[in-house]
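This report goes through helix packing, aromatic groups and selected residues of one model. Please keep the sequence and the 3D view open while reading.

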Amino acid sequence: MGLLALIFVGAGGAKLFGVSMMVDTFETIGWGQWFRYLTAFVELGSAALLWVPGLHVVGASLLWITMLCAALFHVFVIGPSAVPAVVLAVLCAAVIWLDRAQIRGLMVRLGLA
């Protein structure tokens with residue numbers, strides 16, 4: 001889980017600090033650079049949640065959704081390969097599955113169960 005968090009810290013940091021490849025990628029998407037910053041904050045915040053006991057599932061879930069969206073953008077807009085996003089989505093799904101007991105605990109704490 002630590003490696004997954006570090007991967008997303010790197011990816012989010014690259015977006016936040018404006019690495020040219022990231023700027024170009026989000027320019028291709030066509031939604032403006034605000035979307036790059038939003039994605040960076042989601043990745044960095046979610047990566048931080050992977051380190052917080054009891055909140056791994058929340059961080060992994062946010063990252064899973066982000067990677068599913070990234071894969072769709074790669075397939076339909078950006079190209080050429082969605083494989084990295086799919087692999088990261090699978091790793092996030094594995095964290096969700098392995099820590100699925102947290103879901104019930106979170107629901108109880110939020111008064112949803």
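In what kind of crossing does α3 pass α4? The crossing is left-handed. By definition, that is the label when the near helix is turned anticlockwise from the far one by less than a right angle; clockwise would be right-handed.

## Basis of the values

This is a predicted model: local features need pLDDT of at least 70, side-chain atom pairs count only at pLDDT 80 or more, and totals for chains, interfaces and linings use all residues. Residues are numbered from 1 along each chain as its sequence is written, and side-chain values use heavy atoms, with hydrogens and water left out.

## The α3–α4 contact

Helix α3 covers residues 34–49 and helix α4 covers residues 56–78. Helices here are DSSP runs (H or I, at least four residues), numbered from the N terminus. The two pack at an angle of about 145 degrees. Their axes are 7 Å apart. Each axis is a line fitted to C-alpha atoms over the stretch in contact, and angles run from 0 to 180 degrees between N-to-C directions.

From α3, the contact takes in Phe35, Thr39, Val42, Glu43, Ser46, Ala47 and Leu49. From α4 come His56, Val58, Gly59, Leu62, Leu63, Thr66, Met67 and Phe73. Contact means heavy atoms within 4.5 Å. The residues of this contact divide into nine nonpolar, five polar and one charged. In this scheme Ala, Val, Leu, Ile, Met, Phe, Trp, Tyr, Cys and Pro are nonpolar; Asp, Glu, Lys and Arg are charged; the others, Gly among them, are polar.

Glutamate 43 lies in helix α3. Its relative accessibility is 2%, so it counts as buried. The scale is simple: buried is under 20% relative accessible area, exposed is over 50%, and partly exposed is in between (1.4 Å probe, protein chains only). Beyond residues up to four places away in sequence, glutamate 43 touches Phe8, Ala11, Gly12, Lys15, Leu63, Thr66 and Met67.

Threonine 39 is also in helix α3. At 11% relative accessibility, threonine 39 is buried. With neighbours within four places set aside, threonine 39 contacts Lys15, Phe26 and Thr66. Leucine 49 and methionine 67 are 18 residues apart in sequence, and their C-alpha atoms are 16 Å apart.

## Two glycines of α1

Is glycine 12 buried or exposed? Glycine 12 is buried, at a relative accessible area of 0%. It is found in helix α1 (residues 2–16). Glycine 12 touches Ala40, Glu43 and Leu44, not counting residues up to four places away. Its C-alpha is 6.8 Å from that of phenylalanine 41, 29 residues apart along the chain.

Glycine 10 is in helix α1 as well. Its relative accessible area is 41%, so glycine 10 is partly exposed.

## Rings and charges

The model has five aromatic pairs. Rings of Phe, Tyr and Trp (its six-membered ring) pair if their centres lie within 6.5 Å; planes under 30 degrees apart are stacked, over 60 edge-to-face, and the rest tilted. Ring pairs link Phe26, Trp31, Trp34, Phe35 and Phe73 into a cluster.

Charges also sit over rings. Arginine 36 lies over the face of tyrosine 37, 4.5 Å from the ring centre. The charged end of arginine 100 is over the ring of tryptophan 97, at 3.9 Å from its centre. The test requires NZ of Lys or CZ of Arg within 6 Å of the ring centre and within 35 degrees of the ring normal.

## Loop features

A cis peptide bond joins glycine 79 and proline 80, with omega about -25 degrees. Proline 80 lies in the loop between α4 and α5 (83–98).

Aspartate 99 is in the loop between α5 and α6 (101–109). Aspartate 99 is buried, with a relative accessible area of 19%. Leaving aside neighbours within four places in sequence, aspartate 99 contacts Met1, His56 and Val57. The C-alpha atoms of aspartate 99 and glycine 54 are separated by 8.7 Å, at 45 residues apart along the chain.
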